[in-house]
Amino acid sequence: METLSQAYEYLFVGAIVVLALLIFCCLIRAIKGPTISDRIVAINMIGTMTIMIIAILAVKICEGYLVDVAIIYAMISFLAVVVLTKVFMGVYKEREEARKKKELEQSQKEMN
């Protein structure tokens, strides 16, 4: 039974290390990402992996309150992504309207 417990310990630590490395990769993508949508997806992935780390820690150290923390973090992460997407869509619409207005002004200049 002790061997099984030790195997779970290695599994939990290994999963946390892998998730930490993946969070670091997503952080690079969030900073470097070529488009805003790549950055938003990377931020969402960071939030999801953080929730997974908190859940693994809850099982590893046998603390039930960490599950509540993970659930609250999931709600906050979801709301953050929704707000970021809403802001991005607003900026995109403003840029499109400005581009259309500029094209309209250029076509009117060409007609005169």
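Start by selecting Ile 16, which touches Ile 53, Ile 56 and Leu 57, leaving aside residues up to four places away in sequence. Contact here means heavy atoms within 4.5 Å. The model is a predicted one: local features need pLDDT of at least 70, side-chain atom pairs count only at pLDDT 80 or more, and totals for chains, interfaces and linings use all residues. Residues are numbered from 1 along each chain as its sequence is written, and side-chain values use heavy atoms, without hydrogens and water.

**Stop 1: the core**

Buried means under 20% relative accessible area, exposed means over 50%, and partly exposed lies in between (1.4 Å probe, protein chains only).

**Stop 2: the aromatic pairs**

Show the aromatic rings. Rings of Phe, Tyr and Trp (its six-membered ring) pair if their centres lie within 6.5 Å; planes under 30 degrees apart count as stacked, over 60 as edge-to-face and the rest as tilted. By this rule there are two aromatic pairs. Tyr 8 and Phe 12 are stacked, because their ring centres are 6.1 Å apart and their planes meet at 20°. Both sit in helix 1 (residues 2-32), four residues apart, about one turn of the helix. Is Phe 12 buried or exposed? Phe 12 counts as buried, because its relative accessibility is 19%. Tyr 8, at 43%, is partly exposed.

Move on to Phe 88 and Tyr 92. This pair is tilted, with 6.4 Å centre to centre and 35° between the planes. Phe 88 and Tyr 92 are about one helical turn apart, because they are four residues apart in helix 3 (residues 65-111). Phe 88 is partly exposed at 26% relative accessibility. Tyr 92 is partly exposed too, at 42%.

**Stop 3: a glycine in helix 2**

Select Gly 47, in helix 2 (residues 36-60). Gly 47 is buried, with 3% relative accessibility. Beyond residues up to four places away in sequence, Gly 47 touches Tyr 73 and Ser 77. The C-alpha atoms of Gly 47 and Tyr 73 are 7.9 Å apart, although 26 residues separate the two along the chain.

**Stop 4: the loop**

Go to Cys 62, in the loop between helix 2 and helix 3. Check the backbone here: Cys 62 has a positive phi of about 55°, although it is not a glycine. Cys 62 is exposed, with a relative accessible area of 66%.

**Last stop: helix 3**

End with Ile 71, which lies in helix 3. Ile 71 is partly exposed at 47% relative accessibility.

Technical notes
Helix = DSSP H or I, 4+ residues; strand = E, 2+ residues; numbered from the N terminus.
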